[in-house]
Amino acid sequence: MQQQMAGHHADPVVGYSLHNRRYLNVTNRCTLRCAFCPKFNKTWEVQGYPLRLYQEPTVEQMLDAVGDPKAYEAVVFCGLGEPTLRLDAVLTVARQLKARGAPAIRINTDGLASLVHGRDVTPEMAGCIDALSVSLNAQDAFTYERHCRPKLPGAYPALLDFVRNARVHVPEVTVTAVDGLPGVDISACEALARELGVGFRRRVLDQVG
Ligand code: SF4
């Protein structure tokens with residue numbers, strides 16, 4: 001077990017468990033700069049786990065942090081950052097965990113991997129990623145830009161394309177939006193999810209992960 005100390009010099013938490021799922025803290029880097037992000041509010045803790053990384057975990061460290069994947073309902077690539085910025089490492093770990101009998105592998109993502117990597121990356125997820133939870137966050141580009149402050153132009157349409165493509169290769173795709181942000185219309189987000197042919201989950205502010 002990793003130490004669960006808050007503060008600057010706490011041991012980095014690579015893996016942590018919540019609700020019988022094993023979460024992997026992949027990176028602190030992000031494609032977005034969400035105004036509501038805990039890390040811009042000087043908090044690096046999520047559900048009591050200090051997630052600040054001074055060094056990103058290697059493939060081996062992530063595999064070690066899971067151990068036997070059959071012990072969990074699911075392994076989730078997550079962290080206070082965007083896991084798909086380390087797509088190769090994530091897919092390598094995912095393939096190995098599947099080979100070791102992992103019941104389910106999920107990535108919590110901003111859905112901008114194809115935009116960042118400059119190609120449709122969703123076919124690479126086929127067979128090793130069982131579920132994606134994609135932060136839709138808003139019903140339109142204007143509201144999205146306001147809250148998520150993407151570093152790259154064209155982020156919102158790229159996110160929608162990612163979701164459409166992911167549907168073909170990943171069995172379970174869910175988009176999420178945070179309830180309580182000004183201008184975010186949760187029922188419009190839900191309608192958009194239906195239009196995209198994917199599931200929808202409403203999230204509560206301050207519960208990243
Ligand atoms: S994507 Fe997540 S970790 Fe990154 S800035 Fe937004 S809320 Fe924070």
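**Close-up views of a predicted model**

View 1. Helix H1 (residues 59-66) lies across S1, strand S2 (21-25) and strand S5 (74-78). Compare the helix with S2, and you will find H1 running at about 160° to that strand. Keep in mind as you look around that this is a predicted model.

View 2. Strands S1 and S2 run antiparallel and are joined by 4 bridges.

**View 3. The open sheet of 7 strands.** Follow the order S1-S2-S5-S6-S7-S8-S9 across this open sheet, whose pairing is mixed. Which strands stand at the edges? They are strand S1 (15-18) and strand S9 (199-204); each has a single partner strand, so one side of each is left without a neighbour in the sheet. On average, and with direction ignored, neighbouring strands of this sheet are turned by 25° against each other. In a regular strand, side chains alternate between the two faces of the sheet.

**View 4. A parallel pair, S7 and S8.** Here strand S7 (residues 131-135) and strand S8 (residues 172-179) run parallel, with 5 bridges joining them.

**View 5. Two nonpolar cores.** The largest nonpolar core has 56 residues. Leu24, Phe77, Met125, Ile129, Leu132 and Tyr144 are those with the most contacts inside it. Which helix gives the largest share of this core? That is helix H5 (residues 155-169), with 8 residues. A second, separate core has 10 residues, including Leu18, Tyr49, Leu51 and Leu80.

**View 6. Leucine 24 and its contacts.** Zoom in on leucine 24, one of the residues with the most contacts inside the largest core. Leaving aside neighbours within four places in sequence, leucine 24 is in contact with Val14, Gly15, Met62, Ala65, Val66, Val75, Val76, Phe77, Cys78, Gly79 and Val93.

**View 7. The shell around the ligand.** Which residues are found around the ligand? They are Cys30, Leu32, Cys34, Cys37, Phe40, Leu80 and Gly81. Sorted by class, this shell has 6 nonpolar residues, 1 polar residue and no charged residues. You have met Leu80 already, as a member of the second core.

**View 8. Valine 46 in strand S3.** Valine 46 has its place in strand S3 (residues 45-46). Is this residue buried or exposed? Its relative accessible area is 7%, so valine 46 is buried. Valine 46 and leucine 80 are 34 residues apart along the chain, and their C-alpha atoms are separated by 8.1 Å.

**View 9. Threonine 84 in a loop.** Look in the loop between S5 and helix H2 (87-99) to find threonine 84. Threonine 84 counts as buried because its relative accessibility is 1%, and buried means under 20%. Not counting residues up to four places away in sequence, threonine 84 touches Ile107, Thr109, Ala113, His117 and Met125.

**View 10. Histidine 147 in helix H4.** Histidine 147 is part of helix H4 (residues 141-148). With a relative accessible area of 7%, histidine 147 is buried. Leaving aside neighbours within four places in sequence, its contacts are Arg33, Cys34, Ala35, Phe36, Leu181, Pro182 and Val184. One of these, Cys34, is also among the residues around the ligand.

Terms used:
Residues are numbered from 1 along each chain as its sequence is written. This is a predicted model: local features need pLDDT of at least 70, side-chain atom pairs count only at pLDDT 80 or more; totals for chains, interfaces and linings use all residues. Side-chain values use heavy atoms; hydrogens and water are left out. A nonpolar core is a set of buried Ala, Val, Leu, Ile, Met, Phe, Trp, Tyr and Cys residues joined through side-chain atoms within 4.5 Å. Buried means under 20% relative accessible area, exposed over 50%, partly exposed in between (1.4 Å probe, protein chains only). Helices (H or I, at least four residues) and strands (E, at least two) are DSSP runs, numbered from the N terminus. Contact means heavy atoms within 4.5 Å. A residue is near a molecule or strand if one of its heavy atoms lies within 4 Å of it. Ala, Val, Leu, Ile, Met, Phe, Trp, Tyr, Cys and Pro count as nonpolar, Asp, Glu, Lys and Arg as charged, and the others, Gly among them, as polar. Two strands pair if DSSP finds at least two bridges between them. Axes are lines fitted to C-alpha atoms, for helices over the stretch in contact, and angles run from 0 to 180 degrees between N-to-C directions.
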